[in-house]
Structures are given as C-alpha cells and as structure tokens.
Amino acid sequence: MLRFIFIGIPLLLMFLLAVAFGALNKHAIPFNFIIGEITLPVAVLTGLFIGLGFLLGLAAMAAKQVSLRNENRKLRKQVTQREQPNA
C-alpha cells in the first residue's frame, strides 16, 4: 500500500498534468536537429524529453545498482573468508 502511495499517486498526478498540458498547448514549434529540422507540437516535444530523461535516469540507477551489487558480493566473500578459519 505504501508503495502505491509513494509511486503510484505521483505518477498518476504527473500523467494527468501532462494530459492537461497537452490539451492546452497545441502550438507547433520547430525543433532543430544537427542534421535537420522538424515541427512538432509542444506537448509531443515535452513528452519526448521527459521520456528521454526518464530513460537516462533509469540507466544511471541501473548502473549504480550493478556497482553496489558487485561491491556487496565482494564484501560477502571477505566475510566468509574471515569466518572460515574460525570454524
């Protein structure tokens, strides 16, 4: 239940805010890439950048998680090696 409160409700509120933002901003703006230009609505560009930020954050968290698991594994090996001579 706590997980839903801390994760589900903020996500739901952000989704509703994004829908309201998209409904109110129908203007198309040009977006310049290095190799070209595309015209997209403000809501679409905002969604793309939010999605990109989410994916980059997820990748950073995953990398840190792998690093912490490796460190935890090494520490557990050290503990078991120090406990073996005592047994």
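Predicted model: local features only at pLDDT ≥ 70, side-chain atom pairs only at ≥ 80, totals over all residues.
Let's start with the overall plan. Strand β1 covers residues 28-32 and strand β2 covers residues 37-41. They pair in the antiparallel sense, over five bridges. To pick out one of the contacts, look for Phe 31, whose bridge partner in β2 is Ile 38.

If you hop over to His 27, you have moved twelve residues in sequence from Thr 39, and the two C-alpha atoms are 9.8 Å apart in space. As a side note, in a regular strand the side chains alternate between the two faces of the sheet.

Ile 35 has its place in the loop between β1 and β2. Ile 35 counts as exposed because its relative accessible area is 86%, and the cut-off for that word is over 50%. How far is Ile 35 from Arg 3, C-alpha to C-alpha? These two residues are 32 apart along the chain, and their C-alpha atoms are separated by 44 Å.

Along its principal axes, the C-alpha trace of the chain spans about 75 × 40 × 5 Å. A compact globule of 87 residues would have a radius of gyration near 12 Å, yet this chain has 23 Å. Buried residues make up 3% of the 87 residues. As for the surface, the chain exposes about 8,000 Å², and 71% of that is supplied by carbon and sulfur atoms.

Next, move along to helix α2, where you will find Gly 57. Gly 57 counts as partly exposed because its relative accessibility is 31%. From Gly 57 to Asn 70 is 13 residues along the chain, and their C-alpha atoms are separated by 20 Å.

Finally, let's look for empty space. Rolling a probe the size of a water molecule over the atoms shows where such space is left. The largest pocket here has a volume of about 340 Å³. Which parts of the chain supply at least two residues each to its lining? They are α1 (2-24) and α2 (42-83). The largest share comes from α1, with seven residues. In total, 13 residues line the largest pocket, and Met 14, Ala 18, Thr 46, Gly 47 and Ile 50 lie nearest its centre. What kinds of residue make up this lining? Nine are nonpolar and four are polar, with no charged ones.

Terms used:
Residues numbered from 1 in each chain as written. Heavy atoms only, no water. Pairing = 2+ DSSP bridges. Helix = DSSP H or I, 4+ residues; strand = E, 2+ residues; numbered from the N terminus. 1 Å grid on protein atoms, 1.4 Å probe; cavity = no way out; pocket = protein on both sides within 12 Å on 5 of 7 lines; lining within 4 Å. Points joined across faces, edges and corners; volume = space filled by probe spheres on them. Nonpolar A, V, L, I, M, F, W, Y, C, P; charged D, E, K, R; others polar. Rg over C-alpha atoms; globule rule 2.2 N^0.38 Å. Buried < 20%, exposed > 50% of the residue type's maximum accessible area, 1.4 Å probe, protein only. Areas by Shrake-Rupley, 256 points an atom, 1.4 Å probe, with all protein chains shown as cover.
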